[in-house]
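The sequence and structure come first.

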Amino acid sequence: MPTTRTATGKTSGWRFKTWRRTRLEWLGWLALVALTVLCWRVMTAGTIWSFVEDAPRQAADLFGRMLPPRWDYANSLWRPLWDTINMATLGTAIAIVVATSLAFLAARNTTPSMLVLRPLALFVIVASRSVNALVWGLLLVAVLGPGVLAGIIAIALRSIGFIGKLLYEAIEEIDEMQVEAIRATGASPAQVITYGIVPQILPAFATISVFRWDINIRESTVLGLVGAGGLGLALETSLNTLAWPQVSVILLMILATVVFSEWLTAKVRKGIL
Amino acid sequence: MIESPLVRWAALLGIASYLALAFATIDVNWTRVSEGVVRAARLFESFISPNFTSRWSDIQQGTIESLTMTVTATVAGVLLAVPIGLGAARNLAPWWVYGICRGVIAASRALQDIIVAIFFVAMFGFGPFAGFLTLTVSTIGFLSKLLADDIEEIDPGQVEAIRATGAGFWQVIDFAVASQVIPRLIGLTAYKVDINFRESSVIGIVGAGGIGATLNTALDRYEFDTAGAILLIIIGIVMACEYGAGAIRKRFA
Amino acid sequence: MLRIQALTKTYKNGEAALKGVSLGVEAGEIIGLIGPSGAGKSTLIRCVNRLIEPSSGRVQLGEVELTGLSGGALRRERRRIGMIFQEYALIERLTVMENVLAGRLGYTGFWNSWFRRFAAQDVQRAIALLERVGLIDHIDKRADALSGGQRQRVGIARALIQQPELLLVDEPTASLDPKTSRSVMRLLTELCIENRLAAIVNIHDVVLAQAFLPRIVGLNAGIVVYDGPASGLTAEVLTSIYGEEDWTRTAAGEGGSDDGEPLVIARMEAEQ
């Protein structure tokens with residue numbers, strides 16, 4: 001912060017920052033620049049610059065080979081598209097079921113055990129969130145073998161943390177008065193949850209689920225790259241066989257799917273709110 | 001929830017038939033899955049006893065590549081995202097600049113990072129340079145969109161007051177705009193460092209360098225103990241990033 | 001010294017905010033601009049320093065025709081006009097001193113303002129002004145840490161450090177309580193007299209206007225319906241300004257934002 005220099009009580013001059021602070025800030029910027037340069041040098045140590053210089057030609061070459069797209073290939077993409085949508089939808093559905101129970105265990109005001117179940121539920125949520133869906137996909141393909149099933153579970157595992165976290169935060173923010181009112185009628189714990197808590201979190205629940213479904217559509221289009229089926233698998237196959245005109249058709253299909261799901265979720269969200 | 005019983009039953013029937021159809025079309029190789037149970041047990045075991053040593057030099061190189069990619073791409077991304085974000089704010093830019101900048105943002109957000117990485121690998125060859133470019137593009141898409149949206153929502157009174165003093169365009173940006181949006185920009189950048197590191201653990205799968213490549217190799221060789229070690233390193237760094245980002249956000253709020 | 005001739009403003013949505021306003025202000029003269037919400041008061045003063053582009057008409061400050069200017073020439077003339085806002089429009093995250101010095105931006109190069117290196121006499125003048133408005137002890141506080149009355153004093157100091165010839169004041173008291181309102185109005189009129197400043201003060205509160213401002217201009221639906229001494233504000237005149245039923249309540253003086261929607265639109269137009 002700026003400082004005033006006061007001489008005999010009267011303000012005589014003003015400086016925006018003290019010298020010490022100015023110096024510290026310059027040092028901070030210098031450190032950031034030095035770090036970036038260092039990282040750059042380490043990172044590019046193995047870079048073959050002639051490849052980089054060649055990139056514009058490579059790019060032109062690539063797009064030349066991608067065009068025109070092989071439109072009739074789109075007909076063999078309907079099944080992968082169906083698989084992609086199923087991975088996203090079923091994965092989201094499984095995640096919703098698991099995450100909802102986890103959220104009730106993790107929320108401070110509904111957990112049956114503060115000491116054991118709550119930390120456990122929180123740990124599951126954090127672990128699920130830290131690992132990308134594609135990494136989950138890698139692991140599950142290694143375990144279960146390639147296919148849609150690995151994709152569904154990968155999507156579900158990643159989504160559990162996401163939905164669980166947002167949902168338990170929503171539960172912790174509910175209005176306790178309504179819960180007390182239900183409890184005062186002599187309702188059982190299950191009735192307290194269904195009448196006092198569920199109506200309050202239902203809108204948040206719906207928004208979170210739809211939002212995650214949208215993200216999952218995006219992720220399931222590329223999950224196939226690690227062997228988990230769907231459009232990504234078709235992309236992987238076409239890339240490996242250098243069938244570039246097919247690649248462009250698949251990319252357009254992916255783009256269309258993503259745009260459609262964004263449009264649909266925006267529509268549904270408007271309906272909820 | 002739904003008023004008409006007819007519509008309600010139709011909806012339920014639709015959902016049920018979709019689920020039945022979806023489940024029916026999942027191809028599952030049950031013998032492979034049953035083998036998987038054994039593998040899952042091994043995987044879990046190796047998480048408890050991760051092996052850092054036998055592939056240590058690979059792990060080390062992958063981690064360093066991921067970290068350097070994250071730093072350089074975030075810096076480059078911010079440097080490019082700030083001018084693009086300014087240009088994509090409706091209340092600052094003339095319509096043609098606005099159109100161009102919003103177009104750049106939409107293009108950089110259209111495809112998933114991993115698909116962008118495939119193209120950069122094809123163009124620039126294998127290695128972290130392609131990863132750096134991928135993460136830079138992704139940072140531009142993320143930061144410039146949020147920055148532009150933020151600028152569009154600033155208090156116009158402050159802008160008006162600075163313009164009324166006879167200040168020039170860049171002085172208005174410095175005093176009235178920057179002072180309003182910079183705290184959130186810093187918070188978002190810290191958050192994006194975190195996301196970039198996570199992404200750097202993934203784009204290696206298609207050859208763009210980083211720890212993802214190491215992980216992919218380990219899993220291909222069924223070296224689950226090494227994979228476990230790599231995952232623990234990823235989770236550890238992600239948590240450190242999250243903690244750091246939280247501290248930075250608090251400091252600049 | 002300020003000549004406004006046949007000024008009109010029609011917004012893009014078709015709303016006519018000003019329908020031919022002519023007005024003259026002499027050096028050192030303070031006028032109060034009163035009128036109901038939506039009468040065009042805010043639009044009028046913003047057309048003077050061209051924060052809003054007038055549709056037709058002329059604005060002359062001294063010898064300079066403001067309506068023809070653009071770019072650097074317009075910015076140079078804006079330095080001669082100080083402005084004070086209803087919601088203070090301080091830069092909330094900057095300090096009191098930076099806010100006051102912002103009034104010198106028109107006289108400071110970009111890089112000097114970027115590093116906050118203002119001329120020594122600007123800094124001296126800022127300190128003197130902060131002493132005059134009684135905020136010298138808050139010099140390094142952030143603006144968002146001040147109370148409403150304190151903020152408006154910073155706003156006044158920011159306008160005065162421009163050493164303007166004309167002050168445009170937009171509802172200076174509408175966000176303040178009655179007591180603070182009076183002390184801000186007193187400070188404002190005193191400073192105008194000390195510095196022989198001309199001022200146009202938009203004000204909702206008729207009682208406050210009568211107490212502090214010798215000349216009153218009444219605006220209704222974009223037309224000047226009264227221009228004379230404050231003592232001439234009879235019930236009949238007030239009815240012509242505010243309409244049959246409204247004026248007694250308006251005279252009681254609760255302020256809201258003046259013509260809200262069109263102003264936002266105009267600001268966005270002006271930014272382009």
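## Interface of chain B and chain A

Chain B and chain A bury about 4,500 Å² between them, and carbon and sulfur atoms give 77% of that area. Buried area here is the accessible area (1.4 Å probe) that two parts lose on being put together, summed over both.

This is a predicted model: local features need pLDDT of at least 70, side-chain atom pairs count only at pLDDT 80 or more, and totals for chains, interfaces and linings use all residues. Residues are numbered from 1 along each chain as its sequence is written, chains are lettered from A and ligands numbered from 1 in the order in which they are written, and side-chain values use heavy atoms, with hydrogens and water left out.

The contact involves 53 residues from chain A and 51 residues from chain B. Contact means heavy atoms within 4.5 Å.

How many salt bridges does the rule find across the interface of chain B and chain A? It finds 1. The term requires a side-chain nitrogen of Lys or Arg within 4 Å of a carboxyl oxygen of Asp or Glu. The partners are A:Arg129 and B:Glu242, with their closest N and O atoms 3.3 Å apart.

On the side of chain B that touches chain A, helix 5 (residues 113-124) of chain B supplies the largest share, 7 residues. Helices (H or I, at least four residues) and strands (E, at least two) are DSSP runs, numbered from the N terminus. By class, that side of chain B has 36 nonpolar, 8 polar and 7 charged residues. Ala, Val, Leu, Ile, Met, Phe, Trp, Tyr, Cys and Pro count as nonpolar, Asp, Glu, Lys and Arg as charged, and the others, Gly among them, as polar.

## Aromatic pairs

Over all chains, the structure holds 16 aromatic pairs. The ring centres of B:Phe120 and B:Phe124 are 5.9 Å apart and the planes stand at 55°, so this pair is tilted. Rings of Phe, Tyr and Trp (its six-membered ring) pair if their centres lie within 6.5 Å; planes under 30 degrees apart count as stacked, over 60 as edge-to-face and the rest as tilted.

Both B:Phe120 and B:Phe124 sit in helix 5 of chain B, 4 residues apart, about one turn of the helix. B:Phe120 is buried at 16% relative accessibility, and B:Phe124 is buried at 15%. Buried means under 20% relative accessible area, exposed over 50%, partly exposed in between (1.4 Å probe, protein chains only).

C:Phe110 and C:Trp111 have ring centres 5.0 Å apart and planes at 70°, so they are edge-to-face. C:Phe110 is partly exposed at 26% relative accessibility, whereas C:Trp111 is exposed at 55%.

One aromatic cluster spans two chains: A:Trp40, B:Phe120, B:Phe124, B:Phe129 and B:Phe132.

## Salt bridges

The count over all chains is 34 salt bridges. Three of them are listed here.

| Pair | N to O distance |
|---|---|
| A:Arg118 and A:Glu172 | 3.4 Å |
| B:Arg198 and B:Asp194 | 3.4 Å |
| C:Arg215 and C:Glu29 | 3.0 Å |

A:Arg118 in helix 5 (residues 117-130) of chain A and A:Glu172 in helix 7 (residues 148-172) of chain A are 54 residues apart, so the pair links distant parts of the chain. A:Arg118 is buried at 12% relative accessible area; A:Glu172 is partly exposed at 29%.

B:Arg198 and B:Asp194 are 4 residues apart in helix 8 (residues 169-200) of chain B, about one helical turn. Both B:Arg198 and B:Asp194 are buried.

C:Arg215 lies in strand 9 (residues 215-220) of chain C, and C:Glu29 in the loop between strand 2 (16-25) and strand 3 (30-34), 186 residues apart. C:Arg215 is buried at 15% relative accessibility.

Shared partners join A:Arg129, B:Asp194, B:Arg198 and B:Glu242 into one salt-bridge network.

## A:Thr265

A:Thr265 belongs to helix 11 (residues 244-272) of chain A. A:Thr265 is buried, with 2% relative accessible area. A polar atom of its side chain lies 3.0 Å from the backbone oxygen of A:Glu262. Beyond neighbours within four places in sequence, A:Thr265 contacts A:Val210, A:Trp213 and A:Asp214.

Conventions:
Polar contact = N/O pair within 3.5 Å; in protein donor to acceptor, adjacent residues only side chain to side chain.
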